[in-house]
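Please open the model in your viewer and keep the selection tool at hand.

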Amino acid sequence: MTAKWGVGLEKKIFLKCRECGREYPPVRLYACEDCFGPLEVVYDLDSLSLRRSSFEGKPKNLWRYFELLPINDKANIVNLEAGYTILHKSSRLAEMLGLKNLYIKDDTVNPTYSFKDRPTSVAVSKALEFGVQAVGCASTGNLACATAAHAAKAGLPCYVFVPSDIEMNKIVQISVYGARIVAIKGTYDDANTLAAQACETYGWALVNINMRPYYVEGSKTLAFEVCEQLNWEPPDHVIVPTASGALLCAIAKGFEELHRLGLISRNDVRISSAQPAGCAPIVSAFKAGSLEVTPIEHPETIAKSLAIGDPADGVYALKTIRESGGVGEDATDEEISEGVQLLAKTEGVFAEPAGGVVIAALKKMVEQGDIQPDERVVCYITGNGLKTPEAVSEILAQPTEIEPRMDSLKNIIDLKGGEG
Ligand SMILES: *Cc1c(COP(=O)(O)O)cnc(C)c1O
Ligand SMILES: [Zn+2]
């Protein structure tokens with residue numbers, strides 16, 4: 001092969017433009033020099049002799065897939081043990097919706113309580129490998145938490161750009177890890193634009209901007225794990241909460257790589273997108289049969305982590321949904337809140353609104369016949385409900401206070417038919 005493979009590196013990877021196909025060695029580059037298209041990491045899969053048994057005994061975190069992640073030297077890994085989260089067989093919710101084979105991939109229980117620990121662990125590791133002096137991100141909240149924590153673990157300063165109206169608990173969490181918060185009076189897109197200018201000026205590695213090709217690689221482990229946890233039998237259908245579209249595209253890439261490695265025997269997983277109705281540029285384009293994604297200028301939704309009006313990977317996500325035979329569905333604030341409660345009450349998993357979006361979309365897809373009762377469906381639940389209590393706390397009943405006596409207790413138990 002030519003010099004596109006990094007010279008002198010053990011791992012054979014290169015960068016490839018997703019638009020024009022131009023190839024580059026795995027350097028600190030994120031946009032094509034010819035066409036400004038985004039770059040993605042390509043591996044020499046043929047040189048890897050990975051079998052299903054290769055993963056037995058590997059660490060129970062995302063680094064069990066080290067060969068398929070873009071880090072050369074294990075010494076650079078920044079590891080808070082993200083990943084290898086539980087895949088719940090969700091029989092109660094399945095029965096309620098009329099499904100037979102429903103699974104919840106529970107990424108609420110990562111180190112900073114969202115799936116963003118996966119891409120961040122990879123991006124901050126790669127930043128160390130590149131020898132950068134500071135990291136950061138533009139974020140709707142969760143990415144900032146994950147970046148701040150991994151920067152702390154790596155001993156690097158961290159700058160995060162967030163819209164000023166994100167949830168209080170996320171602000172608290174980011175601050176505790178010691179990151180500098182730049183709270184922007186504006187939308188995520190405003191924060192992202194400023195962050196992109198800032199990293200040019202200050203030389204920072206912003207994980208979702210100038211580290212993006214490496215960053216997204218961490219998220220594909222959500223596809224690897226689901227296949228491994230289903231005994232290397234891929235699901236029929238997955239539902240992905242979607243903001244910029246990066247996660248959805250990364251999951252598709254994960255299935256494709258496993259298939260090319262021969263670790264799964266088919267690559268026909270239907271990949272569907274769930275977005276909040278107040279910010280659904282990708283789902284709207286899907287429903288309209290459009291090839292273009294029209295940005296939303298003023299997102300308005302309780303699912304703040306999904307409030308990206310101008311999705312960087314929107315067109316690629318749309319293409320992935322269509323080509324895989326998936327669908328797109330949206331959910332109103334009320335449906336999102338109901339979705340959060342339904343998941344919690346049937347399966348014991350407390351998700352942030354993004355999870356409610358997925359459950360609400362799932363329900364609609366079943367009702368509309370987009371999902372058949374016997375399809376093996378996996379819902380990606382990507383963030384923890386304790387990060388966003390305001391999304392449900394107002395509508396939940398306050399507990400009834402009583403005196404610490406049996407007769408007081410009897411009154412309220414009898415009142416509520418024993419279910420209180
Ligand atoms: C970031 C995020 C997503 C997906 O975001 P993409 O930008 O589409 O990759 C999904 N759920 C939660 C909770 C998130 O924080
Ligand atoms: Zn190009």
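Throughout this tour, buried means under 20% relative accessible area, exposed means over 50%, and partly exposed lies in between, using a 1.4 Å probe and protein chains only. This is a predicted model, in which local features need pLDDT of at least 70 and side-chain atom pairs count only at pLDDT 80 or more, while totals for chains, interfaces and linings use all residues. Residues are numbered from 1 along each chain as its sequence is written, chains are lettered from A and ligands numbered from 1 in the order in which they are written, and side-chain values use heavy atoms, with hydrogens and water left out.

**Stop one: a cysteine on its own**

Select C379. Is this residue buried or exposed? C379 counts as buried, because its relative accessibility is 0%. A disulfide here is a pair of cysteine sulfur atoms within 2.5 Å, and by that rule the count is zero. C379 is accordingly in no disulfide; the nearest cysteine sulfur belongs to C227, 16 Å away.

**Stop two: the zinc site**

Now select ligand 2, the zinc ion, with C17, C20, C32 and C35. The SG atoms of these four cysteines are the protein donors, at 2.3 to 2.4 Å from the zinc ion. Donors are N, O and S atoms within 2.8 Å of the metal (3.2 Å for Na, K and Ca); water is not among the atoms, so sites may look incomplete. Why is the arrangement called tetrahedral? The four donor atoms subtend angles of 96 to 121 degrees, which makes it so; the rule for four donors is that all angles lie between 85 and 135 degrees. Read along the chain, the donors have the spacing C-x2-C-x11-C-x2-C.

Helices (H or I, at least four residues) and strands (E, at least two) are DSSP runs, numbered from the N terminus. C20 is partly exposed at 43% relative accessibility, and C35 is partly exposed at 33%.

**Stop three: salt bridges**

A salt bridge is a side-chain nitrogen of Lys or Arg within 4 Å of a carboxyl oxygen of Asp or Glu. How many does a search of the whole structure find? The search gives 29.

- Select R22 and D34, whose side chains form a salt bridge with an N to O distance of 3.0 Å. R22 lies in the loop between β1 and β2, and D34 in the loop between β2 and β3. R22 is partly exposed at 31%, while D34 is exposed at 52%.
- Go on to R266 and E233, joined at 3.1 Å, N to O. R266 is in the loop between α8 (246-260) and β11 (270-276) and E233 in the loop between α7 (221-229) and β10 (237-241), so the pair ties together parts 33 residues apart in sequence.
- Select R405 and D407, another salt bridge at 3.1 Å, N to O. R405 is partly exposed at 46%, and D407 is partly exposed at 43%.
- Then pick K287, E329, D330, E335 and K364, which salt bridges with shared partners join into one network.

**Last stop: a nonpolar patch**

Show the surface and select I402, M406, L409 and I413, which make a nonpolar surface patch of about 350 Å². Patches are made of residues with over 30% relative accessible area and no salt bridge; like charges are joined within 9 Å and nonpolar side chains (Val, Leu, Ile, Met, Phe, Trp, Tyr) within 5 Å. Accessible areas come from the Shrake-Rupley method with a 1.4 Å probe; for residues, only the protein chains shown count as cover. Finish on M406, which belongs to helix α14 (residues 406-415) and is exposed at 64% relative accessibility.

Key
Four donors count as tetrahedral if all angles lie between 85 and 135 degrees; four count as square planar and six as octahedral if opposite donors are over 155 degrees apart and all others between 65 and 115; anything else is irregular.
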